[in-house]
Amino acid sequence: MAFYDNKPSIWEAVGNGSYLYRWNIQEITPEQSENDESEKKTTWQCEEVTVWPPYDTGSIINAVIRASYTAEAEIALVNKYNAYQQGMNVGADIVSEYSEYLAFVQNVKQQVRKDFDEETPAVQSTGGTPRLSDIAAVLSMTVNTLAISDEQALRVKSIYPRWESLVGEAVKKDDKMQYDGKLWKVLQDHTAQEQWKPGKGTESLYTEIVESAKGTKDDPIPYDNNMELFKGKYYSQGGKVYLCIRDTGIPVYNTLAELVGNYVELVK
């Protein structure tokens with residue numbers, strides 16, 4: 001909670017490249033007795049959070065959520081609720097706790113979009129146990145704020161947003177999404193465009209996340225195009241194994257057979 005002598009603005013530059021976003025701004029008028037003739041000064045209180053670039057509603061929403069729920073707390077809450085749903089020894093109070101979390105996220109989204117003239121219709125609560133579809137929707141909206149490795153992300157690929165749902169929105173480096181049955185990672189900040197689908201021709205924007213392997217001759221890395229190759233690592237494609245003889249520097253989309261003599265050599 002922050003306090004000010006004058007009404008603060010919703011959005012204010014700090015001067016170090018960040019901004020302060022303020023919400024729940026309230027005027028506080030001190031109580032005054034009948035015999036007290038001294039002037040009582042009105043103050044203001046609000047909640048606030050620091051927001052760093054990019055400056056869009058998605059970043060602001062994530063900053064507000066993170067001010068109340070760390071990534072670790074969020075994952076723990078999801079895991080606990082899932083354990084309860086599966087009949088494991090978890091107290092029933094997790095239902096109300098998770099319901100509060102879902103309501104909090106929804107309220108944050110509505111408040112931020114309202115403050116920045118992007119108001120969306122309110123969702124009426126039906127009460128009871130959160131629907132699995134609602135849980136999936138919230139996970140899809142927040143999963144890219146969590147500290148999840150590429151290997152872990154592959155195990156829970158289904159909770160990531162579909163690329164088609166992000167067209168027209170800003171995506172950030174290391175964001176992950178599903179497309180064409182595969183999991184992809186963003187290589188540089190940009191706005192997702194219909195003509196820039198993950199795959200051939202967009203190697204500078206996206207790279208596919210694949211199952212990890214040691215990259216040795218006996219455990220080569222499966223290559224499915226749109227991957228960066230590293231010198232000394234072994235890769236496999238089409239039943240054949242190749243040794244990378246020169247770093248590609250960027251993801252490449254060519255088949256390994258097409259890269260023989262330039263970046264790789266056929267081993268077997």
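User: Before we start, what should I know about the model and its numbering?

Analyst: This is a predicted model, where local features need pLDDT of at least 70, side-chain atom pairs count only at pLDDT 80 or more, and totals for chains, interfaces and linings use all residues. Residues are numbered from 1 along each chain as its sequence is written, and side-chain values use heavy atoms, with hydrogens and water left out.

User: Thanks! How many helices and strands does the chain have, and what makes a run count as one?

Analyst: The chain has six helices and 13 strands.

User: Why is Gln 45 called buried?

Analyst: Buried means under 20% relative accessible area, exposed means over 50%, and partly exposed lies in between, with a 1.4 Å probe and protein chains only. Gln 45 has 18% relative accessibility, so the label is buried. This residue sits in strand β4. Leaving aside neighbours within four places in sequence, Gln 45 has contacts (heavy atoms within 4.5 Å) that include Met 1, Phe 3, Asn 24 and Ile 28.

User: Which values make Cys 46 and Cys 244 buried?

Analyst: Cys 46 has a relative accessible area of 0%, so the residue is buried. Cys 244 is buried too, because its value is 1%.

User: How do you know what span to expect for helix α3?

Analyst: The expected span is 1.5 Å times one less than the number of residues. Helix α3 (residues 93-115) has 23 residues and reaches 33 Å from first C-alpha to last, close to the expected 33 Å. Helix α1 (residues 57-68), with 12 residues, reaches 17 Å, close to the expected 16 Å. Just after α3, Asp 117 takes a positive phi of about 55 degrees.

User: What makes a set of residues a nonpolar core?

Analyst: Its members are buried Ala, Val, Leu, Ile, Met, Phe, Trp, Tyr and Cys residues joined through side-chain atoms within 4.5 Å. The largest one here has 23 residues, and Tyr 21, Val 49, Tyr 98 and Tyr 101 have the most contacts inside it. Elements giving two or more residues to this core are β3 (19-28), β4 (43-51), α1, α2 (71-85) and α3. Helix α3 provides the largest share, eight residues. A second, separate core of 12 residues includes Tyr 223, Tyr 235, Leu 256 and Tyr 263. In soluble globular proteins, nonpolar side chains tend to be buried together.

User: Why is strand β7 described as largely enclosed?

Analyst: Four of the five residues of β7 (residues 182-186) are buried, so the rest of the structure largely encloses this strand.

User: How do you know which strands pair with β7?

Analyst: Two strands pair if DSSP finds at least two bridges between them. Strand β6 (residues 176-179) and β7 are joined by four bridges and run antiparallel. Strand β9 (residues 206-208) also runs antiparallel to β7, joined by three bridges. Gln 178 has Leu 183 in β7 as its bridge partner, while Trp 184 stands opposite Glu 208 in β9.

User: What makes β10 and β13 edge strands?

Analyst: They belong to an open, mixed sheet of four strands in the order β10-β11-β12-β13. Each of β10 (221-222) and β13 (264-266) pairs on one side only. Strand β10 pairs with β11 (residues 234-237) in the parallel sense over two bridges.
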